[in-house]
Amino acid sequence: MFFERHQAGERAILVHLEMGQEGEREDANELKELVYSAGANPLQTIGGSRATPHPKTYVGSGKVEEIKLAVHQHEAEIVIFNHALSPGQERSLELELQCRVLDRTGLILDIFAQRARTHEGKLQVELAQLEHMSTRLVRGWTHLERQKGGIGLRGPGETQLETDRRLLRVRINTILKRLGKVRKQREQGRRARRRAEVPTISLVGYTNAGKSSLFNRITIAQVYAADQLFATLDPTFRRLEIKDVGPTILVDTVGFIRHLPHKLVDAFRATLQETAEATLLLHLIDAHDEKRDDNIEEVDSVLAEIGADDLPHLLVYNKIDMLDDCPARIDRDGYGVPRRVWLSALTGEGVDLLVQAISERLGGELFAQQIVLQPQHGNLRAQLFALDAVEKEGINDQGHMILDVRLQKRDFLQILSRIGMDATPFVGKPANPWDS
């Protein structure tokens, strides 16, 4: 392939500068977590501050010498910047430092490449990597001659560079066509769920907030979960039965991160579309994280970018087991609507409250009453049992079936319509509709 996959365990020097406005700054601790997730070994973090980036090397000449000394002392193989570098800045730094240089975007792309497991996920990551590398191709051919005028002075460098660019474009177009088919397949699935009126619940949140752990706790699905950034890339779907709602689809999605590269947002558009068209978003938050408010803002900005910021959402504060005196609970607004749920996906405390809150948020008008059916109405009885809507059943002295039913009113009306029964006697009447 056009991009290299480097072995884990590389010795790395990290560079983090305080620069720009407060909201645009990166987190030095988060950089270390990213590096660990990529499998590298961070040896030293070099800090500093600048008003604006240096156009050639991003950092000043003095800082370049400091980094060069650290590379020499630790025999480092790679220098990783917690910032987005231009192709020219990467080339200049590599010439100065005599080792590979990687920026924040390249680091995240590398982690995504390691985590992708499905064919679709690998295509999405490869697309993002190829688009990122296309501006950096010239770096690989600096050792070759450039074409010049005159006999004997024409080198192969430019010709090879153009060949690589053409091959890149061909591969990118191929991947885009394949992902186009994936989008169509996903859209067909969403249309089928809409026709069946099956609600979709999408788990979103900052990376490593515990989405997959909660997903496993609710669905017992054994999705890969780990205490590392971007443990989940590929969306996972599970059917879930919610009381008073019925069958729903729960989706575990990729985690977000501060300043998520736009190339990744574009590449994962098909996956993120599941979030954009969900019935309810469960925004999972690491309650123990000191920067949880900043993380909430970052997730909200990505949701706005994919057009999902106006969807109904429920805030889920996870990891209360790491907090002092924080019981599981549901926080409601002035109208009694659940807005926040506090729980621990690790211990399971409060998960039942989350299911209750989901039921309240998704549940429409309930039909919960006792009905009396004659023997010829066995079809209606069978349909109600198929939906697990019968809570109790008995027979009266006349031999009629007495059913205590509980289900969504719309579902009950659909059943009556499907079997050709009149709904008028049932609505609002708790007694036998056939007694005259």
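Colleague: How many residues lie between E13 and E14 in their hairpin, and which residue in the turn has a positive phi?

Modeller: Please keep in mind that this is a predicted model. As a general idea, strands of a sheet pair through backbone hydrogen bonds, either parallel or antiparallel. Here E13 and E14 form a hairpin with 5 residues between them, and Gly-399 in the turn has a positive phi of about 85 degrees.

Colleague: What is the order of the strands in the open sheet of 4 strands, and is the pairing parallel or antiparallel?

Modeller: The order is E2-E1-E3-E4, and the pairing is parallel. E2 and E4 (100-102) stand at the edges with a single partner strand each, so one side of each has no neighbour in the sheet. From one strand to the next, the twist averages 25 degrees.

Colleague: Which strands does E1 pair with, and over how many bridges?

Modeller: E1 pairs with E2 (residues 41-46) in the parallel sense over 5 bridges, and Arg-11 stands opposite Asn-41 of E2. With E3 (residues 78-81), E1 also runs parallel, joined by 4 bridges, and there the bridge partner of Ile-13 is Val-79. Further along the sheet, E3 and E4 pair in the parallel sense over 3 bridges, with Ile-78 standing opposite Arg-100 in E4.

Colleague: Is E1 mostly covered or mostly open, and how many of its residues are buried?

Modeller: In a regular strand the side chains alternate between the two faces of the sheet. As for E1, which spans residues 11-15, the strand is mostly covered, since 4 of its 5 residues are buried.

Colleague: Which strands does helix H2 touch where it packs on the sheet?

Modeller: Helix H2, residues 61-74, packs on the sheet and touches E1, E2 and E3, while its direction makes about 150 degrees with that of E2.

Colleague: At what angle do H2 and H3 pack, and how far apart are their axes?

Modeller: H2 and H3 (residues 87-97) pack at an angle of about 55 degrees, and their axes are 10 Å apart. That angle makes H2 oblique to H3, and the crossing of the two helices is right-handed. On the H2 side the meeting residues are Val-64, Ile-67, Lys-68 and Val-71, and on the H3 side they are Leu-93, Glu-96 and Leu-97. Sorted by class, this contact of H2 with H3 has 5 nonpolar, no polar and 2 charged residues.

Colleague: How are H4 and H5 placed, and at what angle do their axes cross?

Modeller: The axes of H4, residues 104-115, and H5, residues 119-133, come within 9 Å and cross at roughly 155 degrees. Angles over 145 degrees count as roughly antiparallel, and H4 and H5 are therefore roughly antiparallel to each other. H4 passes H5 in a left-handed crossing. The residues in contact are Thr-105, Gly-106, Leu-109, Asp-110, Phe-112 and Ala-113 from H4, together with Val-125, Ala-128, Gln-129 and His-132 from H5.

Colleague: How many nonpolar, polar and charged residues does the contact of H4 with H5 have?

Modeller: Read by class, the contact of H4 with H5 has 5 nonpolar, 4 polar and 1 charged residues.

How values were computed:
Residues numbered from 1 in each chain as written. Predicted model: local features only at pLDDT ≥ 70, side-chain atom pairs only at ≥ 80, totals over all residues. Heavy atoms only, no water. Axes fitted to C-alpha atoms, helices over the stretch in contact; angles between N-to-C directions. Parallel < 35°, antiparallel > 145°, perpendicular 65-115°, else oblique. Left-handed = near helix turned anticlockwise from the far one by under 90°. Contact = heavy atoms within 4.5 Å. Nonpolar A, V, L, I, M, F, W, Y, C, P; charged D, E, K, R; others polar. Pairing = 2+ DSSP bridges. Buried < 20%, exposed > 50% of the residue type's maximum accessible area, 1.4 Å probe, protein only.
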